[in-house]
Structure formats: structure tokens, C-alpha cells
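Keep the structure in view as you read.

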Amino acid sequence: MANFKFQILNKEGNARNGVIETKRGKINTPAFMPIATQGAIKFTPIEFIEQIGYDLILSNTYHLLLRPGLERLSDIDGVSEFMTWNKPVLTDSGGFQVMSLAKLRKITEEGVNFQSHIDGSKHFLTPENVIDYQNVIKSDIQMVLDECIQFPESYENVKKSMELSLRWAERSRKYYIENKNKIYGAQFGIIQGGVFEDLREISISETTKFDFEGYAIGGLAVGEGHEKMVEVVNYTAPLLPEDKVRYLMGVGRPKDIIEAVYRGVDIFDCVIPTREGRHGLAYVGSSSINLKNSQFENDLTPLDERSDYFVSNKYSKSYLNHLLKIKDPLGSMLISLHNLNYYYKLMEDLRKSIREENLNSFREDFYNKS
């Protein structure tokens, strides 16, 4: 599509440093997306997200459909304008909710019948109407509707689910191309197949026939663990088209991201920086510390004195421990911001290490960091 372009600028091994161009601006890759599921990044004003330097955020079609509702978004320039974010947005189609809200849905060949987890109202998602919905939301990158399956699951069930996702992908792409003149953003396909290499290979060979603008590795970050996730990415990423964006959905922790970048993945999203931040976990060095612990009660050193970010080098661990104890939302906000800045700097360092061709030593140094 005319308003979407991806270019690889530098490579080291399988790792890539590139740039995605959309209507709303450029995204430097590898990139991490903060999560604004319902049009808000929890406890973090959007101005701070811009100041940190993020180019792209993620929102969710299913959740926006329920609240605030598409009518409210149709009167303005979609969710971007609604939340005063003038940069690109990627929207998940609701495929993950097919799994996470399993008790409230019924899957058929046609699509997914949902009962709202908020008020019990009924909704029907199809491969076609989620494209219409994402158009109202005006997302720069639209994900197709797929079925994300639990882990562990039997080979037969994963195969059946993957084949359904393929049929939906074909319908999605057909509808997208037929309506291309009124579609706002690019469309990404999703690779499924669980932890089974042969199913992943089938999913890739069939999905890539539809020539999407980018490809996501789905069905991970569902409980399979770091080693298994790396193993799947290891045999999946290299089979994806070289000239298309590769997106690892829902991943993850810093070491997950480093290992996936090393294997050729370009974009990521995860709730970890803000979810763990709200619960007092702050990323420092190559691990995290729990600021609720009593050992930090009298620790007047900054959260991370090596950081140039004001939250990290200004507020003491003792003060943050106090805010968490008294349940003041400021504590959750500050630690979330610290974590989001940590993740942004990690991506910046990864891009730099690929440009300078020293990703291997960056990985080693990271794991040796305290």
C-alpha cells in the first residue's frame, strides 16, 4: 500500500535495523510498543510517552469496540486523535481475547461470538468486520482476526486452530484488497502453529501467499516459557519474507526481546513495563527489583543513578517504597515511566549495536550487567 513502507538500513547476522514509514510518521526498528489497550497507557500520560521517544503504540479493537464505542471514534480521526497521540498506532484484532475470554465466546467458521465482559452485550467479530472496525479506529497497522490458542495444547487442536486462522487470513486479505481505496492502514498477517515446527512452516508458506504488508509471530507469550519461545522464533523468523516487517506479539521481558532481535524480529509489544511497574517492579541493569521490599525502606539512592531519565535519577528507592506502601498512584506512575524509559533505551541500544555491528558483545554485556 502507498502509505506504508519498510526499509532495512543495517544488518548484523539475522538482526535488522530499519525504518517503517506510515501516514502518521516513521518508526525506527527494532521497536517496542507501549500498550494502550483501551486508548490509555495505564498510569502514564501520553505526553510522557512522547517525551521518552516512542514512535508507535498498540491499542485493541475488541476493547475499543466495547468502550468508548466506534461511534465516538468515528466523529474524529480515530483513537490517535481521541488520546491526543499524533503518531502511528497498531491495533490487535481481538484474536488474543478469543483465548483470554474463552468462557465468554463461541468460535464458528464465520467468526467469533462474544459476550461483553462488561455488560453481557453480544458482539460478533468476523475477519471482514474487524477491518471495518480498525478503519474507524484509524490504525496505521491492522492485525487480521486469528485464533490464538492456549499452551499446552494437543497437536491436533493446534493444527485445527492454525487452519482456521489461515482461512480467516484469506478472507481478511480478500476483503482488504477489495476495499483498498477506503482502507486507512497496512494489514499484517499472523503466523500460528503453537510450538510445532511443521505447523509453523505450513502457516508461513500459506500466509505469505497473501502478500501482507508485514507478518506477526502469534501464539507465543501464552505460558511456553523463555527457552521454548526462543526455539520457536529461531525456526520461524528466518522463514518470513526478508523485506517485510516481523512482529513478535505479546513479548516480552528484556532478555526475550534481545534474543528475538538477534533472530531477526523488528517490533514487539508487552504489558510488562506498566503492569509490573504498577506492582512495584522496576527494571535496573539486566533484572528487576521489587520496590515494595523492606530492604528499600531506608535506601536513599536513586532508582537508577546511571540513567539520564529524570524519574530514574531523581526519586529515591525509599520514596518509591513509601508511595507503594501508602498506595498513592504516583508510585505506580513513576515506576511505570521508569520501566517504559528502560525499554525505550534498550531498543535504542539494540538499534545502535546493529548499526555498529557489535550486537554479540552487547548481548554478553547485558547478561553480565548487575
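The second largest pocket has a volume of about 360 Å³. A pocket here is an open set of points on a 1 Å grid over the protein atoms alone, with protein on both sides within 12 Å along at least five of seven lines, and its lining residues have an atom within 4 Å of a point. A volume is the space filled by probe spheres set on the points, which are joined across faces, edges and corners. This is a predicted model: local features need pLDDT of at least 70 and side-chain atom pairs count only at pLDDT 80 or more, while totals for chains, interfaces and linings use all residues. Residues are numbered from 1 along each chain as its sequence is written, and side-chain values use heavy atoms, leaving out hydrogens and water.

**The second largest pocket**
- Its lining has 15 residues, and Asp-304, Tyr-342, Lys-345, Asp-349 and Lys-369 are the closest to the centre.
- Helix H14 (329-355) and helix H15 (359-368) each give two or more residues to this lining; helices (H or I, at least four residues) and strands (E, at least two) are DSSP runs, numbered from the N terminus.
- H14 gives the most, with six residues.

**The largest pocket**
- About 1,100 Å³ of space lies in the largest pocket.
- Of its 42 lining residues, Phe-96, Gly-250, Asp-269, Val-271 and Arg-275 lie nearest the centre.
- Strand E5 (57-60), helix H5 (95-100), helix H9 (226-236) and helix H11 (272-278) each supply two or more lining residues.
- H11 gives the most to this lining, with five residues.

**The cavity**
- The whole structure holds one cavity of 30 Å³ or more; a cavity is a set of points where a 1.4 Å probe fits but cannot get out.
- The space in the largest cavity is about 50 Å³.
- Residues lining the largest cavity include Asn-28, Phe-32, Tyr-54 and Arg-351.
- Strand E4 (31-33) and H14 each give two or more residues to the cavity lining, and H14 gives the most, with three.

**Two packed helices**
- H9 and helix H10 (residues 254-262) pack at an angle of about 20°, with their axes 10 Å apart; axes are lines fitted to C-alpha atoms over the stretch in contact, and angles run from 0 to 180 degrees between N-to-C directions.
- That makes H9 roughly parallel to H10, a label for angles under 35 degrees.
- His-226, Met-229, Val-230 and Val-233 of H9 meet Lys-255, Asp-256, Glu-259 and Ala-260 of H10, where contact means heavy atoms within 4.5 Å.

Note on methods. Parallel < 35°, antiparallel > 145°, perpendicular 65-115°, else oblique.
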